Amino acid sequence: MRTITKLAALAVALGLSVSAQAEQKTLRVATDGAFPPYSMVLADGTLTGFDVEIAQALCEEMKVECQIQHYDFDSLIPALKARKFDMVVASMAITEERLKSVDFSDKYEGGYSQFIGPKGTSLDGSPAAMAGKKIGVQLGTIQENYTQAIYVPAGAEMRTYSTPENAFLDLVAGRLDAVVVEVGVGYELQKGPQGKDYALFGPKMDDPQYFGTGSGIAVRKGNSELLGKINQALAAILADGTYELINDRYFDYNQYD
């Protein structure tokens, strides 16, 4: 009888424990970590940036705890599918190709891409002008896909890098003629110690075939419950001014447009 009582008590305790965990659910969130001002790792190891704050605001709105970690951008979707985390908040463009692998929230970010290169360059950024030029891109990005499709066939040489900063370092060293960057990243690079000698140039790159319909938050295929909660939370932070406050800490323009 005592054994049964103890087992019953244990079952109740375990039930309460499971219930408590359900009420205090933790979401594992992944971001890039090497994509200023969207996500970066400070000297003390702390993650910060626009995407990080958006993730924190969404978790607060959903009343869940966030555990945010950083992964190489080109590993984010495979790791999400392998259940290493629950959602990706990494300025990831919503493209038809990615929709084959993951589901996306509503758009939480707009933007476009451009070249960054030496100030006063005579290049206009057209495929013909970039023929024979060396173009840097971040590996696994829409910028890589676009450059491969549009500029490489026209005669440009594409070089891939783990981060936009590494590509920019090669640009400064004279090993590249230009780097394709998301506009917010380009502005951030210009703020650096060597950025004053560089400027964005060329056409705005925003062809939906390559750049999608804005950036969204990725979850595993079929996770409709989480996706619904994310979309509700996103609508809330857009409506109550939280998004705008975060935006204005990092950008001089509306990142949502």
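1. Start with the second largest pocket: strand S6 (87–93) and helix H5 each put at least two residues into its lining, and S6 gives the largest share, four residues. Helices (H or I, at least four residues) and strands (E, at least two) are DSSP runs, numbered from the N terminus. Keep in mind that this is a predicted model, where local features need pLDDT of at least 70, side-chain atom pairs count only at pLDDT 80 or more, and totals for chains, interfaces and linings use all residues. Residues are numbered from 1 along each chain as its sequence is written, and side-chain values use heavy atoms, with hydrogens and water left out.

2. The volume of that second largest pocket comes to about 290 Å³. It has 25 lining residues, and the closest to its centre are Ala93, Gly110, Ile142, Glu182 and Ser215. A pocket here is an open set of points on a 1 Å grid over the protein atoms alone, where a 1.4 Å probe fits, with protein on both sides within 12 Å along at least five of seven lines; lining residues have an atom within 4 Å of a point. Points are joined across faces, edges and corners, and the volume is the space filled by probe spheres set on them.

3. By class, the lining of the second largest pocket splits into eight nonpolar, 11 polar and six charged residues. Ala, Val, Leu, Ile, Met, Phe, Trp, Tyr, Cys and Pro count as nonpolar, Asp, Glu, Lys and Arg as charged, and the others, Gly among them, as polar.

4. Now the largest pocket, with about 330 Å³ of space. Of its 18 lining residues, Thr95, Glu97, Arg98, Gly140 and Asn145 are the closest to the centre. Helices H3 (76–81), H4 (96–99), H5 (142–151) and H8 (208–211) each supply at least two lining residues. The class count for the largest pocket is seven nonpolar, six polar and five charged.

5. H5 also belongs to a right-handed β-α-β unit with S9 and S10 (right-handed: with the strands pointing away from the viewer, the path from the first strand over the helix to the second runs clockwise). Four of the five residues of S9 (134–138) are buried, meaning under 20% relative accessible area with a 1.4 Å probe, protein chains only.

6. What does S9 pair with? S9 runs parallel to S10 (157–161) over five bridges, with Gln138 partnering Tyr161. Two bridges join S9 to S11 (178–182), also parallel, and Gly136 stands opposite Val179. Pairing needs at least two DSSP bridges between the strands.

Conventions
Buried means under 20% relative accessible area, exposed over 50%, partly exposed in between (1.4 Å probe, protein chains only).
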